[in-house]
There are 2 protein chains.
Amino acid sequence: MIKNNKLSFFLKVKKIDILTGHPWIIILNEKDCHHFGITAGYKLVLKWRNKETEVVVDTTTSLVKGGEVGMFSDILKKYHIQENELAEFSFSEKPNSLKAIHKKLLGETLTYEEIYSVIKDVVDYRLNDIDMAFFSAPLFNEKSLSKEEIYYLTKAFCETGEILKFGYPVADKHSVGGLPGNRVTPIIVSIVASYDVIIPKTSSRAITSAAGTADTFEALAPVGFSSDKIKEIVKKTNACLVWGGSLKLAPADDRFIKVFYQLGIEPYLKMAVSVMSKKIAMGVTHLVLDIPVGPTAKIFDSRQAKKIKTLFLYLSDKFGIKTKVLIDKAVGPIGRGIGVGPEARDVLRVLQQKPDRPTDLEKKSIWLAGNLLDLLGIFDKGAGQKMAKESLINGLAWKKMQEIILAQGGKVVDSEKIKLGKETFCIKSSKTGVIESIHNKNLVEVVRLLGSPEIKAAGVYLNKTVGEQIKRGEILFTLYAPSPERLSLALGAVKKLEIFRIV
Amino acid sequence: MIKNNKLSFFLKVKKIDILTGHPWIIILNEKDCHHFGITAGYKLVLKWRNKETEVVVDTTTSLVKGGEVGMFSDILKKYHIQENELAEFSFSEKPNSLKAIHKKLLGETLTYEEIYSVIKDVVDYRLNDIDMAFFSAPLFNEKSLSKEEIYYLTKAFCETGEILKFGYPVADKHSVGGLPGNRVTPIIVSIVASYDVIIPKTSSRAITSAAGTADTFEALAPVGFSSDKIKEIVKKTNACLVWGGSLKLAPADDRFIKVFYQLGIEPYLKMAVSVMSKKIAMGVTHLVLDIPVGPTAKIFDSRQAKKIKTLFLYLSDKFGIKTKVLIDKAVGPIGRGIGVGPEARDVLRVLQQKPDRPTDLEKKSIWLAGNLLDLLGIFDKGAGQKMAKESLINGLAWKKMQEIILAQGGKVVDSEKIKLGKETFCIKSSKTGVIESIHNKNLVEVVRLLGSPEIKAAGVYLNKTVGEQIKRGEILFTLYAPSPERLSLALGAVKKLEIFRIV
């Protein structure tokens, strides 16, 4: 052990071949722990090339020797630390931002400086998941935060990350999730970019849904790029379809997503903050926001949809973004495929104008793309939807999509070449009638149990959808699973949950 | 890998020599992970001899082979699992109690059944620290919970654990912390039990203080016992001084303590719930509650003290406990020692009636013990303090303390044999005057940096205390540290923080 000064110490790095999905872990020998007065669960600060991050101590009597520090694979990778290097540690002081968190929990109002201090410490890993959960709890209750605080939070999310510029205008479209399938984004991007509009689309991975747009597009091309690489892709194609998390746009958001994922619920205030901060960071000037409302969608009453609309328009106004909010009724999923692979196939079927393409997905894409074209004002007023449809029919959109796939390093494939899970099972209807509705949340539950979004080939294909006739014994939907265990798990849920309502 | 049924699977246990202070961790080989569709951070349920607990998956390519599960030392110990046994795992379903947490976060009122479901899932480790932080956040704001909800929470804390009976009456005393030192409990217990009153005292470890009573008493005797062993100790001596956490009284509390420890702040609602649930579980019938109020104590205004008083009396009434609440003014620490070792020495000096015993500590102990004796009504009305003093003077209290130490397996030592840290440093006064006040929170900060409560020998001795004269160059206080690093860290804080105010 080399002592640098009295407040910090150096330990030789030993790699421990463990990956965690959570805090940065280091392992110290119990003798060193005793020497420094440290116990398991203690927090230290790792100083590494001018960066600081909080690490949590596990202890051992044998895995590492005195003077060594065991570091798990993920932290080594994140900070580019090599085995046998010397890492510097110091005792952690409580970050000042905890005071702001406490103040908020007491029901007081925070200033911009206070909110910024919290978000900065989230980004720098000086606050941990538990601190973040405490800070996030008031976001569930709109009475707990002022409008200004929500604006400050959005601004802080944005300003603690990278801010990109692509020119003017920069178009974007966002759907407030909750509808399985609903993979309109890649189609809209292809249409809008086919008319030479800049539309650099970043998407998220699944939070409470079966698959996020980033998860789905990953079945067609890589989605994780640096901002320089994205600028290059956009310069070449006017568009991109990338995962926002691999950029440093509003980087706090990815940590908050993990925290809310625990609960399986995301409050709409938090959702608006994440969405808007990323739009601002991407330099968006024109935005169409789609809010599907339905009994089993994420937003299930129009009162709540209107609240969300008001909040988005407030934030758009604060940041100077021209926004159109569209609220539409949802009775079931959009498209036939649910889960990464099945959804990617749907998208390609629409763009390739296959005869068996899901018409509801095509229609909704045209509607949203048309509204965005109108908002941009590049065609005659009201001509947007007509122009959007034309782009699909004449193949311009599909051509644009191929350009994007290639620019992002993917391989253009036909829709029918998308791989689906080898363990399949067909669920047949026990009665004859018309499908009145599909229970989105229950359907998502089944698709997640099948392994989506981690397993790209897992998912469901809806052989029948809302409004269609079905006879007793006909196939309602098909499950695709990576393993018999997964299939069995999902079948257990299918037995318990009502998914199709047939009348 | 042996497959039991489709929903669960068995893996051979391999011990991994790592101790964590946080969630239960298991390590799976990446091949198995791929087979089951599991990634790092995934949650599984470990089924073990009719118990179920949530475990978090880390992954490895080398530490364990396919078909094996690496389990960290602490989980093996907790569940008495041996290496090479077969452990059963299944996929985790979200506990229903998350719905109750969500409801609370939306600002709604919970029923007893809902609150019970959350606390039961905390005790059974089906909810994790992040879920608990979300559930705990409303406890900071009294407007967020109804009186009934606080009662329900207390009841649920109590009813998810063991409930002990010792007879009637059962006396207890509790101090709402925040004053460094203030180690009156062992003295009061010795006095009250010396008059044949049953006083089975459970205490906590430090949350935001320099040392809890359980930490301090551990310098004299073991404090962790089963309930059967405690019954035995109480039968023998009428008393005990044990750590509540080693019992199964209100077991949820220990998990909540860890969560609040992260923030370094404990809301008073939570504090009242913990305290009362443990009193009820210990069958307490007569309780004296001490609330020190001062500018740098935990409770700093008398308005807040009165709120706490009202809440405690409400809960006492609900559960049929005779409670007297005493609010007293605090200008500085009580006693001369701060930290485990120095405080234990203070306690023994009072009980042994040494000439250099801290008189403020003695006085406060007599006051509280006297009030408790009065509440019990075993002497003439108002004679309590006189009788408490007599027990100290005639050595009955010290005799009782020796009985307790021996019954708990400790060794009776003289006050001057208590070990203190070998690295010492004396802080001298830079001016002449009278000590007006001592800043408790800053003092605690210094003592924690010295290593307390983990390091028993770490702490501070106040050579001068409030109200005393000091000359320039005289020693104000002495630091005791286990290592030069710790000493240096504390000295850094001493330079930055005002501790003594000399006028």
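Guide: Gladly. This is a predicted model. Start where the chains meet: 56 residues of chain B are in contact with 56 residues of chain A.

Visitor: What makes two residues count as being in contact?

Guide: Their C-beta atoms, placed from the backbone, must lie within 7 Å. By that test, 56 residues of chain B touch 56 residues of chain A.

Visitor: Which elements of chain B supply at least two residues of the side that touches chain A?

Guide: There are helices and a strand to find. The helices are α1 (30-36), α3 (97-105), α5 (129-136), α10 (252-263) and α18 (484-496) of chain B. The strand is β5 (51-60) of chain B. On this side of chain B, α18(B) gives the most, with 6 residues.

Visitor: How many residues on that side of chain B are nonpolar, polar and charged?

Guide: The side of chain B that touches chain A has 25 nonpolar, 21 polar and 10 charged residues.

Visitor: How do you know how the two copies are related?

Guide: The turn is 180°, the shift along the axis is 0.0 Å, and the RMSD is 0.1 Å. The two copies are therefore related as by a two-fold rotation axis. The same surface serves both copies, as 98% of the contact residues of chain B recur in chain A.

Visitor: Now inside chain A. Why are α6(A) and α11(A) called oblique to each other?

Guide: Take the angle. Helix α6 (residues 147-159) of chain A packs against helix α11 (residues 268-281) of chain A at about 45°, with the axes 8 Å apart. Angles under 35 degrees count as roughly parallel, and 65 to 115 as roughly perpendicular. Over 145 is roughly antiparallel, and the rest is oblique. The angle of about 45° falls in the rest, so α6(A) and α11(A) are oblique to each other. The crossing is right-handed.

Visitor: Which residues make the contact between α6(A) and α11(A)?

Guide: From α6(A) come A:Ile150, A:Leu153, A:Thr154, A:Phe157 and A:Cys158. From α11(A) come A:Leu269, A:Val273, A:Met276, A:Ser277, A:Ile280 and A:Ala281. By class, this contact has 9 nonpolar, 2 polar and no charged residues.

Visitor: What are the domains of chain A?

Guide: The domain assignment gives domain 1 (2-91), domain 2 (171-244 + 276-415) and domain 3 (420-502). The C-alpha centres of domain 2 and domain 3 of chain A lie 25 Å apart. Their contact takes 23 residues from domain 2 of chain A and 22 residues from domain 3 of chain A.

Visitor: Which elements give two or more residues to the side of domain 2 of chain A that touches domain 3 of chain A?

Guide: They are β13 (337-338) and α13 (340-351) of chain A. The largest share of that side, 3 residues, comes from α13(A). By class, that side of domain 2 of chain A has 12 nonpolar, 8 polar and 3 charged residues.

Visitor: Where is the cis peptide bond in chain A, and what is its omega?

Guide: The bond joins A:Tyr168 and A:Pro169, and omega is about -5°. A:Pro169 sits in the loop between α6 and β8 (171-175) of chain A. In chain B, the peptide bond from B:Tyr168 to B:Pro169 is cis, with omega near -5°. B:Pro169 is in the loop between α6 (147-159) and β8 (171-175) of chain B.

Visitor: What sets B:Asn50 apart for a mention?

Guide: Its phi is near 70°, a positive value in a residue other than glycine. B:Asn50 lies in the loop between β4 (43-48) and β5 of chain B.

Key
Residues numbered from 1 in each chain as written. Chains lettered and ligands numbered in written order. Predicted model: local features only at pLDDT ≥ 70, side-chain atom pairs only at ≥ 80, totals over all residues. Least-squares fit on C-alpha atoms with pLDDT ≥ 70 in both. Axes fitted to C-alpha atoms, helices over the stretch in contact; angles between N-to-C directions. Helix = DSSP H or I, 4+ residues; strand = E, 2+ residues; numbered from the N terminus. Left-handed = near helix turned anticlockwise from the far one by under 90°. Nonpolar A, V, L, I, M, F, W, Y, C, P; charged D, E, K, R; others polar. Domains from an automatic or database assignment.
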